[in-house]
Amino acid sequence: MAHSKIIGTGSYLPGKILTNQDLESIVDTSDLWIRSRTGIEQRHIAAEDEMASDLAVNACLKAIESAEINVNKIDLIIVATTTPDMTFPSTACILQNKLGIKDCAAFDVQAVCSGFVYALATADMFIRSDRCNTALVVGTEIYSRLLDWNDRSTCVLFGDGAGAVLISKSNHQGILSSHLHADGSHYNTLSLPGNIACGKIQGKPFVSMEGNTVFKFAVRVMEEIVHEALSENNLQISEIDWLIPHQANIRIIKSTAKKLGLPMDKVVTTIAKHANTSAASIPLALDIAVRDKRIQPNQYIVLEGVGSGFTWGAVLIRW
Ligand code: UT7
């Protein structure tokens, strides 16, 4: 059976930075509250004319450059996003056009903050079943447009950004296993309960969240999913070199690491500078750790996400 491995990574953050201090003049909040309750110091905000596909293009060009491949070798594009450019066509098709790729399969996946893990698992399965050779897998989000900037319980939490990886068929088994879950009985706990009907927005078009419920659920499944991945590969937690979790709250990340018995110096965190970028948070963090050379050949890495749905999942990689 064919295997897949990551051959390039890239990421992009929009230029505008919104600090916690900036937010103090927008809503009734404080730098101290945001920092101590979430670990967030700042977030990047997309320009008015930037779309999710634009953020994605910038991240993809860096991934393509680092993989040193011709774009026309890409025969699959999967974009994980909750903030597509349009209701349709998919952001993957718009991205394909912007990258000048002539013909390949292209589609979006919608698994909110677990979207990148879902997309990477899907691309790996395409490669392992010989349906494609080189896949571009992207997480790109502009959450700043989904937020009610009068709601301090949500608007301080999110940011915009994009991350991308290229994976290709390989003799080296890079992606060892993937583990995906969903429990739709929680669909109302973290949602954007709006849609387009008859040319109008129906429902509330802003992020709505029962923060405490999401927090408790995330802490439980973020631990469970790592054990599931370790068990399938007969690995111990002590053999994991890097955990790259979804970046929603530093307290969730720290308690996951503690429950796993993993020291925080083996956990990649970007929450302070990026805030929660939903489907983009994991590939953004991965790219940063690859480029600063923390990630080295043959290391074991767990990527794990949790988000609205609820959805959650992990991908275990031998770099
Ligand atoms: O990416 C998908 C997954 N998302 C997550 O994993 C998010 C999970 N949830 C969380 O990270 C946390 O629950 C939050 C950061 C959202 C909230 O933290 P918390 O420690 O659970 O705070 P809380 O909601 O229990 O609120 C505590 C207090 C409340 O005031 P009272 O009722 O105690 O007087 C809130 O009104 O903090 C207040 N509060 C704020 N105060 C200042 C809520 N937001 C703010 C704010 N600034 N921005």
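This report covers salt bridges in a predicted model.

## Overview

The structure contains 11 salt bridges. Three of them are described below, including Arg35 with Asp31, Lys98 with Asp54 and Arg291 with Asp287.

## Within helix 2

Arg35 and Asp31 pair through their side chains, with an N to O distance of 3.1 Å. Both residues sit in helix 2 (residues 31-38). They are 4 residues apart, about one turn of the helix.

Arg35 is partly exposed at 37% relative accessible area. Asp31 is buried at 14%, because the cut-off for buried is under 20%.

## Between helices 3 and 4

Lys98 and Asp54 form a salt bridge at 2.8 Å, N to O. Lys98 belongs to helix 4 (residues 91-99) and Asp54 to helix 3 (residues 52-67), so this pair ties together parts 44 residues apart in sequence.

Lys98 is partly exposed, with 39% relative accessibility. Asp54 is also partly exposed, at 21%.

## Within helix 10

The side chains of Arg291 and Asp287 meet at 2.7 Å, N to O. Both lie in helix 10 (residues 281-291). The spacing is 4 residues, so about one helical turn separates them.

Arg291 is partly exposed at 43% relative accessibility. Asp287 is buried at 2%.

Some salt bridges share partners. Through them, Asp31, Arg35, Glu41 and Lys273 are joined into one network. The Arg35 and Asp31 pair from helix 2 thus belongs to this network.

Note on methods: Residues are numbered from 1 along each chain as its sequence is written. This is a predicted model: local features need pLDDT of at least 70, side-chain atom pairs count only at pLDDT 80 or more; totals for chains, interfaces and linings use all residues. Side-chain values use heavy atoms; hydrogens and water are left out. A salt bridge is a side-chain nitrogen of Lys or Arg within 4 Å of a carboxyl oxygen of Asp or Glu. Helices (H or I, at least four residues) and strands (E, at least two) are DSSP runs, numbered from the N terminus. Buried means under 20% relative accessible area, exposed over 50%, partly exposed in between (1.4 Å probe, protein chains only).
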